[in-house]
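Open the structure in your viewer and keep the selection tool at hand. The tour goes stop by stop.

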Amino acid sequence: MTTTSTRAFACPLKYIQGPGEFDNLERYTSGFGPKVCFLIDGFLYDGLNARLAGIYSPTQSEYLAIRFEGECCQEEFERVGRLAGEFGADVLVGVGGGKTLDTMKVIANEVGLPLIIAPTSASTDAPTSAMSVIYTKDGVYVKNVRHKRHSEMVLMDTEIIAKAPVRLFVSGMGDALATYFEAAANDRSDSANYIGGGYRRCKAGMAIAQMCYDILLADGLRAKLSLEAGCCSEAVENVIEANTLLSGLGFENTGCACAHGIHAGLTELPSTHRFYHGEKVAFGVVCQLMLENAPGELVDEVLGFMTAVGLPVTLGDLNVEATPENVRIIAHKTAVENKLIQAEPFLITEDSVYNAILAADAAGRYYRA
């Protein structure tokens, strides 16, 4: 329960979403100074670096592009921070997925430089938050870090995002799906949100979380089908906003709970490391529904949506064998070593989480049939 009656809401200074916006980057970065340091996802580096050359070469701005080495970890913070410092950067730009963006957030806050976030997929709600999820260099979850400030801009080029693998887009829906349920859990327990040292939730944050869920159910399947057909429809644009802006503002201003706690537990098993953040969170949503003993109609609605768009609903979907040993590892990490699940509005024990995981796996197998 919060120890203050003060409410708080926070967000990036600007959010811009539309086709072709990546080509406007120099116009956006030049307002902070002429020297721009980019951190770019490894598998996108060659193509986007060449594109940046075309954008920046006719201008007075200079840029340095650094290839992201794949993990949001201390070693990468030190490497990228050193290169940006040697270049004398005036502004930092993160281009890529959640771990790339989270890495640049850490560095921007450490060195005090302005930051622009340019996602290349709608795979997580990380872009709009002032938080980073820290891992070891081997991909094991360590902690969440809250930063002092948000980015100056989040720039969503929907032409780039629509060309990303559909699996990334669906993973983003899994991450966004948790937003409303975790917001509701925090509201019932009156837990603090993630603004500063933690405040009560503004009604705006709760409304955003609800809208995120509503858009997913209304447009999620149509958006996936549109992307598979090679087009960026209005449904795609709506879900990009839900996955990124609404989910990001929703979780940060209301809080996480069981679903993201289960994600942390799943990272303890090496077999899950090849799955995306939102895919693991999605199974966490099923666990949360079981833990909270959600009404059958709601379970039908959520599991029906998840199976329709192809989100994981069983341990097997995440390449985890449902052995007592594996489930106990997940439950221990979730309930004992991670605080997120403690936002649930009732007593949490390792055994209650253990049973919820098994119940979720059984429910998922039923809906898969």
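Select β8 (141-146): this strand, a DSSP run of E with at least two residues, gives five residues, the largest share, to the lining of the second largest pocket. The model is predicted, so local features need pLDDT of at least 70 and side-chain atom pairs 80 or more, while totals for chains, interfaces and linings use all residues. Numbering starts from 1 along each chain as its sequence is written, and side-chain values use heavy atoms, without hydrogens or water.

Stay with this pocket (an open set of points on a 1 Å grid over the protein atoms alone, where a 1.4 Å probe fits, with protein on both sides within 12 Å along at least five of seven lines; lining residues have an atom within 4 Å of a point). Pick R146, Y194, N338, K339 and L340, which lie nearest its centre among 20 lining residues. Its volume is about 400 Å³, the space filled by probe spheres set on the points.

Next, the largest pocket, about 990 Å³. Select G97, G98, K99, S123 and T124, the closest to its centre of 50 lining residues. Then show α4, which gives the most to this lining, five residues.

Last stop: helices α6 (166-189) and α8 (234-254). Helices here are DSSP runs of H or I, at least four residues. The two pack at about 35°, axes 9 Å apart. Axes are lines fitted to C-alpha atoms over the stretch in contact, and angles run from 0 to 180 degrees between N-to-C directions. For contacts (heavy atoms within 4.5 Å), select F169 and M173 among those in α6, and L246 and F251 among those in α8.
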